[in-house]
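Work through the exercises below with the sequence and the structure at hand, and try each task before reading its solution.

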Amino acid sequence: MVSAVLDSAPPRASTRRRVLPETMLQATIWLGVTVVVVGPLLPLLYASVRTKPIYQAGGVFSLAAYRQLFGDPAYWRAVWNTAVFSGIATVVAVGLGALFAVLCHRTTMRFGRVFTVLLLAPIVLPPLGLMVGWTSIYGDSGYVTVVLAKVLHLPVWQLSSVLGMGLLGATVFMPIAFLTCRAALEGTDSALEDAALGAGASPITVIRRITLPLLRPAILNSAILVFAISFEALGIPLILGQSAHIDLYASYLYHGWQNSPTPDPAFVSAGAIVLIVFVSGLLLLRSVLLGAEQRFISVSGRRGGAHRPLDLGRWGPVATGVVALYVLVTAIVPMVGLMLMSFVQVLSTLVPPWQLITGDNWRIVLHDPTLHRSIVNSLVLAGGGALLTVAVVVLATFVAHRSRFALRASLAPTLMYPRAVPGIALGIGFFWTYLMFTPGSLVRNNLWGELLVLSVRNLTLAYIVIYPSMTRIGRDLDHAARASGAGWARTCRRILLPLLRPAVIGAYVLVFISMLNEFDALVFLAKPSTQVMSVTMLQNFTRGVAGPVAALAMVQTLIVASVLLIGAVALVRSRRHA
Amino acid sequence: MPEIHVANLTKTYGATRALDDISFVVHDKEFLTLLGPSGCGKSTSLMSIAGFEQPDSGSISVGGSVYFDSESRTSRRAEDRELGIVFQSYAIWPHLTVFDNVAFPLAVRRYSKAAIRAKTIEVLDLVEMSPQARRYPHELSGGQQQRVAIARALSASPSVLLLDEPFSNLDAKLRDRARGWLRGLHHELGLTAIFVTHDQDEALSMSDRVLVLDGGKVLQSGTPEDIYRRPASRFVADFVGHCNFLTGVVVGNDRRRELRVELDGTGANLIVDTPTVLAAGTPITIAVRPEAIDLAPETASDAQRQNCWPVTLSSASFLGDHYDFETEMGPGPLTVQTTNAVSGGQLRVHIPATACAILTP
């Protein structure tokens with residue numbers, strides 16, 4: 001009887017057909033990603049070895065641009081400044097990041113979870129807003145600086161210095177070290193610390209002798225990453241270094257481009273190429289070291305397990321105070337300063353702020369067509385760009401990790417590469433690409449061109465969010481779908497994509513925020529009609545217009561906050577069955 | 001109905017040979033088990049048939065159609081092989097209900113909505129999971145998840161069912177029940193089934209035929225009784241159940257079916273009941289199952305009995321339904337399993353001539 005049941009398969013409604021052979025689909029995805037990532041670098045290289053810009057006839061191949069670059073004393077000053085800046089930023093960011101990670105995740109320090117959120121806030125806070133906030137409070141004529149110098153007659157710092165920029169850089173990059181160290185801490189067994197406690201060591205000694213030395217690989221790893229990223233910093237020197245005429249690498253290229261007597265000078269392209277080579281080399285070194293480190297991790301026995309926090313005893317309140325002070329000084333006070341600035345014409349110690357309150361800055365933001373347009377542009381770019389980026393990365397991840405496509409192995413490094421290309425170099429690369437090729441004229445000078453740059457730049461971010469979730473989906477789940485008769489495309493759509501939903505939402509939110517905050521890659525492409533908030537803020541601030549910039553930064557902060565909130569709700573909803 | 005032909009399958013991962021020229025045939029409606037330790041090639045064989053592993057060479061055909069052939073460079077895609085597969089992890093999709101999981105293979109084949117519904121309910125009835133049709137996988141017990149996995153494998157009416165250690169995530173009691181249930185299902189549906197396991201009890205209790213694999217090779221093929229009673233090699237004897245190994249030299253063939261062996265180190269002569277004829281002086285190894293050996297207090301008449309020797313007891317352990325005794329017979333240890341307790345004093349063992357299996361060297 002039962003076999004009769006199973007033999008009674010109903011006739012098929014129609015035979016299965018595939019619209020596109022799966023290999024064609026996979027090849028298209030592979031080719032698209034590879035072209036947009038590798039493509040822009042070639043015109044950049046080409047532009048750097050031509051005597052005349054691409055659009056002018058009569059240029060010849062020459063290394064003159066490199067000679068001009070290396071012969072410019074200002075270039076070497078910028079290189080030296082950048083090295084010092086990056087060194088300070090790296091040492092401070094990694095030192096604090098490691099310390100905070102240990103305090104928040106390995107000790108009985110109170111409010112560890114709250115502090116974790118606050119310490120990570122600089123990742124999503126608009127960096128320009130934070131910088132403007134810093135200047136308004138700690139800048140050479142900032143509120144706190146003036147109070148200390150004029151009122152209390154204390155010696156004060158100078159934020160417009162390489163040291164000052166390095167410290168601001170450290171607070172911006174600290175979350176990278178914090179996250180890396182936290183991941184390493186979660187991967188190690190707390191029995192190692194218990195053993196030291198059992199041997200009679202005090203908790204402070206345990207942290208000093210066991211926990212921190214165990215973090216050494218994570219510290220080295222994040223140090224290289226922070227150093228590489230701080231080498232390409234553009235916003236900090238433009239906002240803080242301008243008054244003191246201090247250039248860092250990226251701002252040197254930016255100023256060289258803007259102030260050059262001949263348009264689109266080749267030495268800027270040459271500088272971008274040198275920067276790419278340097279940063280790529282650093283990141284390559286990092287991945288080699290990471291590979292070596294992975295071998296050590298895999299031989300260690302039990303991982304994770306129960307984490308018993310170390311009791312700090314009477315040092316506990318001290319630790320809480322230190323972390324709270326850090327958050328207050330580096331994030332809360334500057335953000336309050338930013339908010340105040342958006343409501344006053346000038347922030348001055350001579351007049352109480354409440355007597356200066358004005359709605360003018362906000363009125364400008366709401367009514368000035370240029371600023372208004374930049375807000376709309378930003379929303380369109382971030383909304384559409386995040387959609388495009390996440391969609392491409394999801395498809396590319398399917399090809400890279402869940403297909404038998406012959407060239408799939410090259411996709412993962414290709415998706416990781418855009419992170420190694422400094423934003424400013426990527427921007428110049430796309431600038432030349434759009435000039436050089438006829439299809440480029442379709443996206444030149446319009447939002448599509450900027451959307452493409454932002455998407456390429458954020459491929460890596462989307463990939464590092466989506467890839468770990470993909471590896472957690474057991475291969476048996478798609479094998480089961482294949483065995484059920486589903487092809488590659490259907491397996492991806494019906495099984496993998498729904499299971500990836502939380503990661504897709506997370507990636508969308510992060511890419512959206514990253515695109516909203518981005519300016520490095522856009523400064524060379526933005527035209528008055530295509531300006532986004534960040535670029536508008538940067539250009540207005542360098543022209544000395546601070547109030548509306550602060551208001552615009554507040555708008556950006558509010559958008560980021562609402563996107564985070566919506567994302568969090570969507571994430572909770574999507575996790576029903578996972 | 002399909003016969004599965006696997007011929008000369010080879011697969012290497014770097015320096016390791018996962019499959020070393022494996023060939024076997026699964027007959028129509030047969031329940032065949034691939035048994036072996038981890039890394040023996042059993043799962044690789046199964047996944048090669050399913051289409052998730054690509055062998056380096058060889059051929060696989062099911063019911064006359066070629067699924068894989070390295071000669072003609074044919075490899076049918078996994079999704080076109082029309083097999084039912086049950087994964088070790090069950091691989092039930094967590095975002096779909098029980099109903100949608102089981103209906104998926106039918107939806108892929110574009111049956112009408114009504115047909116999908118009817119068929120899915122039928123299959124769920126078969127595995128007694130209809131009441132849970134609207135549940136999500138995380139709301140099910142392990143045993144229920146396993147039945148959903150089997151229902152999904154059966155829903156598109158495949159004639160071949162592949163099972164990759166489907167019971168390894170169940171607790172012991174549930175596993176016993178599931179064995180009987182699956183055996184019954186196989187019998188009722190008349191499927192050809194290949195079952196992969198490292199559990200000898202599962203292999204012996206369920207299969208029509210067992211293939212013992214190691215190092216990517218088939219070591220022995222036979223009915224469960226064959227494999228257990230007449231293991232062809234030391235590895236098979238040791239892997240399937242516990243075994244004592246006695247080494248010695250053939251002294252002579254006393255009569256038909258009787259081989260006299262002088263055991264190493266003792267000088268004692270063991271009579272082995274076998275049709276094999278071996279020349280005197282041939283070194284051989286004999287396998288004896290612990291439960292086939294008789295252990296009892298020594299009596300006066302024992303000295304005259306054949307295959308009967310005094311032993312000393314070195315340890316005893318009680319395992320609920322039986323006892324394990326470690327004894328010393330001459331130079332070597334001998335494990336004996338009995339259902340009754342044996343208390344101290346002078347003991348002797350009796351090894352029945354019919355319980356001795358000669359292993360090929």
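**Exercise 1.** Find how many cavities of 30 Å³ or more the structure holds, and work out which residues line the largest cavity.

*Solution.* On a 1 Å grid over the protein atoms alone, a cavity is a set of points where a 1.4 Å probe fits but cannot get out, and lining residues have an atom within 4 Å of a point. The structure, a predicted model, holds 3 such cavities, and the largest has a volume of about 60 Å³. This is a predicted model in which local features need pLDDT of at least 70 and side-chain atom pairs count only at pLDDT 80 or more, whereas totals for chains, interfaces and linings use all residues. Residues are numbered from 1 along each chain as its sequence is written, and side-chain values use heavy atoms, with hydrogens and water left out.

Next, list the lining: Leu118(A), Leu119(A), Pro122(A), Thr171(A), Met174(A), Tyr326(A), Val327(A), Thr330(A) and Ala331(A). The largest share, 4 residues, comes from H16(A), where helices are DSSP runs (H or I, at least four residues) numbered from the N terminus.

**Exercise 2.** Determine how the axes of helix H7 (residues 127-138) of chain A and H16(A) cross.

*Solution.* The two axes come within 7 Å and cross at roughly 85°. Because angles of 65 to 115 degrees count as roughly perpendicular, H7(A) is roughly perpendicular to H16(A).

How values were computed: Chains lettered and ligands numbered in written order. 1 Å grid on protein atoms, 1.4 Å probe; cavity = no way out; pocket = protein on both sides within 12 Å on 5 of 7 lines; lining within 4 Å. Points joined across faces, edges and corners; volume = space filled by probe spheres on them. Helix = DSSP H or I, 4+ residues; strand = E, 2+ residues; numbered from the N terminus. Axes fitted to C-alpha atoms, helices over the stretch in contact; angles between N-to-C directions. Parallel < 35°, antiparallel > 145°, perpendicular 65-115°, else oblique.
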